[in-house]
Amino acid sequence: MSTQVFYFVATLSIIFSLMVIFAKNPIHSVLYLILTFFTFTVHYVLLNAQFLAVVNFIVYMGAIMVLFLFVLMLLNLNNETEPSKSPLIKIVGVIAGCCLVVTLVGSFKAASINSPLILKNQGLGLVENLGKELFGPFLLPFELSSLLLLAAMVGAVLLSKKDEVEA
């Protein structure tokens with residue numbers, strides 16, 4: 001049952017990621033990207049990584065994709081305002097795509113299909129174990145990264161603040 005669900009969700013991931021690439025409307029592309037991230041969240045749940053599933057759901061689907069959607073709506077992209085691409089850019093794109101296909105074919109040939117991974121420790125991806133590691137031996141790096149994020153947030157607020165002009 002779990003293997004069938006995995007293959008079904010993997011097929012949906014591939015379909016939605018292809019729709020991101022081939023959709024003509026950028027708004028539809030972002031919506032397909034949200035669906036792709038949702039299928040990744042389902043993969044994390046199937047792999048017993050609940051924390052990664054929740055973080056993926058909240059951060060990527062909730063924040064970043066909504067930000068992309070708002071930016072696209074604010075840009076008001078039209079076909080008339082988009083400059084035409086030169087033939088050199090198109091040729092470079094085709095060459096890069098062919099290199100990607102060759103790399104993918106080579107990696108698929110090198111990889112062999114193995115039996116599914118069975119975890120020896122069933123609580124590997126649980127939030128409880130992550131918390132024990134994060135607040136145990138990695139407490140200092142965790143707190144230093146929080147101070148770094150706080151400094152970045154204060155810097156962003158100070159940079160965006162308008163200077164008052166005295167009249």
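Me: Is Thr36 buried or exposed in this model?
Reply: The model is predicted. Thr36 is found in helix 2, residues 26–46. Its relative accessibility is 3%. Buried means under 20%, so Thr36 counts as buried.

Me: Which backbone nitrogen does the side chain of Thr36 reach?
Reply: Set aside the neighbours of Thr36 within four places in sequence. Thr36 is then in contact with Ser13, Phe16, Ser17 and Val20. The side chain of Thr36 reaches one backbone nitrogen at 3.5 Å, that of Ser17.

Me: How many disulfides does a search of the whole structure find?
Reply: A disulfide needs two cysteine sulfur atoms within 2.5 Å. For Cys98, the nearest cysteine sulfur is that of Cys99, 7.1 Å away. For Cys99, the nearest is that of Cys98. The search of the whole structure finds 0 disulfides.

Me: What does Cys98 count as at 47% relative accessibility?
Reply: Buried means under 20%, and exposed means over 50%. Cys98 has 47% relative accessibility, which lies in between, so Cys98 counts as partly exposed.

Me: Which residue forms a salt bridge with Lys132?
Reply: The structure holds 1 salt bridge. The closest N and O atoms are 3.5 Å apart, and the cut-off is 4 Å.

Me: What separates Lys132 and Glu128 in helix 5?
Reply: Helix 5 covers residues 127–134. Lys132 and Glu128 are 4 residues apart there, so their separation is about one helical turn.

Technical notes:
Residues are numbered from 1 along each chain as its sequence is written. This is a predicted model: local features need pLDDT of at least 70, side-chain atom pairs count only at pLDDT 80 or more; totals for chains, interfaces and linings use all residues. Side-chain values use heavy atoms; hydrogens and water are left out. Buried means under 20% relative accessible area, exposed over 50%, partly exposed in between (1.4 Å probe, protein chains only). A salt bridge is a side-chain nitrogen of Lys or Arg within 4 Å of a carboxyl oxygen of Asp or Glu. Helices (H or I, at least four residues) and strands (E, at least two) are DSSP runs, numbered from the N terminus. A polar contact is a pair of N or O atoms within 3.5 Å; within protein, one must be able to donate a hydrogen and the other to accept it, and residues adjacent in sequence count only if both atoms are side-chain atoms. Contact means heavy atoms within 4.5 Å.
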